[in-house]
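User: I want to go through the labels on this model one at a time. For each label, give me the value, the cut-off and the conclusion.

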Amino acid sequence: MRLDKFLTEMGLGTRSEVKKILKTKQITVNGEIVTKPETKVAPENDQISYKGEPVTYCEYEYYLFYKPAGCVTATEDQLHKTVMDYLTDTVRSDLFPVGRLDIDTEGLLLITNDGALAHDLLSPAKHVEKTYYAVIDGVVTENGVDIGEEKLTKPGKLRILKSEPESEIELTITEGRFHQVKRMFEAVGKKVLYLKRISMGPLQLTDDLKPGEYRPLTEEEITALKIVNK
């Protein structure tokens with residue numbers, strides 16, 4: 001791997017910023033000062049330091065983020081705060097949100113740079129379950145419904161928690177179509193008043209996280225994610 005690519009991925013700055021850092025002679029590889037960005041390094045074996053502090057290689061990062069309402073699920077946006085703006089102490093610079101939650105939807109969001117895992121989690125063929133808590137103005141059936149696309153949605157698992165005066169439900173689906181949960185309710189004349197994703201595959205949103213907070217996944221959670229996607 002090129003040294004400038006390694007340093008960029010480890011969060012020292014953009015490629016151009018890293019090149020400026022290299023010119024200051026503050027980067028060492030195995031104790032030797034290196035200034036050339038194209039220098040080849042083996043991150044797992046070489047000892048790379050910046051200002052005397054080791055730059056530890058981290059191939060993948062996984063975070064469970066409690067997305068608050070009012071931010072967009074994107075890596076950058078000109079108009080709104082993004083989910084990535086909340087992650088301030090990560091190592092990798094190439095992290096991204098897996099899937100999408102609407103700007104007014106809260107809840108569990110996986111942030112990682114593991115592209116293969118993200119692809120599997122979002123693949124319709126994998127049938128990864130996603131559960132939402134919602135407050136709605138009525139009750140829906142468990143049948144697949146017409147949301148204006150050629151294919152009907154797959155049936156969801158509906159659990160009614162409360163029905164008066166507004167309904168509180170949990171809905172589990174295995175697809176991730178655009179605005180799917182809201183459109184499923186709207187298709188039967190119901191309006192979603194509040195929506196929060198509480199689980200995705202083996203990941204659960206727990207009470208220790210508040211909106212806008214995040215934590216690294218445990219090794220057990222990472223293993224469970226990879227098992228469910230085999």
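User: Asp 102 and Lys 182: buried or exposed?

Analyst: Both Asp 102 and Lys 182 are buried. Buried means under 20% relative accessible area, exposed over 50%, and partly exposed in between, with a 1.4 Å probe and protein chains only. Lys 182 has 17%, so the buried label holds. Some ground rules follow. This is a predicted model, in which local features need pLDDT of at least 70 and side-chain atom pairs count only at pLDDT 80 or more, while totals for chains, interfaces and linings use all residues. Residues are numbered from 1 along each chain as its sequence is written, and side-chain values use heavy atoms, with hydrogens and water left out.

User: What makes Asp 102 and Lys 182 a salt bridge?

Analyst: The N to O distance is 3.2 Å. A salt bridge needs a side-chain nitrogen of Lys or Arg within 4 Å of a carboxyl oxygen of Asp or Glu, so the pair qualifies. Helices (H or I, at least four residues) and strands (E, at least two) are DSSP runs, numbered from the N terminus.

User: Which other salt bridge does Lys 182 form with an Asp?

Analyst: Lys 182 also pairs with Asp 104, with the closest N and O atoms 2.7 Å apart. Asp 104 lies in the loop between strand 6 and strand 7, so this pair ties helix 4 to a part 78 residues away in sequence. Asp 104 is partly exposed, at 46%.

User: How many salt bridges are there, and which residues share partners in a network?

Analyst: The structure holds 11.

User: Why is the pair Tyr 63 and Tyr 214 called edge-to-face?

Analyst: Rings of Phe, Tyr and Trp (its six-membered ring) pair if their centres lie within 6.5 Å; planes under 30 degrees apart count as stacked, over 60 as edge-to-face and the rest as tilted. The two Tyr rings have centres 5.7 Å apart and planes at 80°, so edge-to-face it is. Tyr 63 lies in strand 5 and Tyr 214 in strand 13, so the pair ties parts 151 residues apart in sequence.

User: What makes the pair Phe 65 and Tyr 86 tilted?

Analyst: The angle between the planes is 45°, with 5.5 Å centre to centre. Phe 65 counts as buried at 0%, whereas Tyr 86 is partly exposed at 22%. In total, a search of the whole structure finds five aromatic pairs.

User: Which residues have the most contacts inside the largest nonpolar core?

Analyst: Ile 111 and Leu 171, in a core of 23 residues. A nonpolar core is a set of buried Ala, Val, Leu, Ile, Met, Phe, Trp, Tyr and Cys residues joined through side-chain atoms within 4.5 Å. Elements giving two or more residues include strand 7, strand 10 and helix 4. A second, separate core has 17 residues, among them Tyr 66 and Leu 209.
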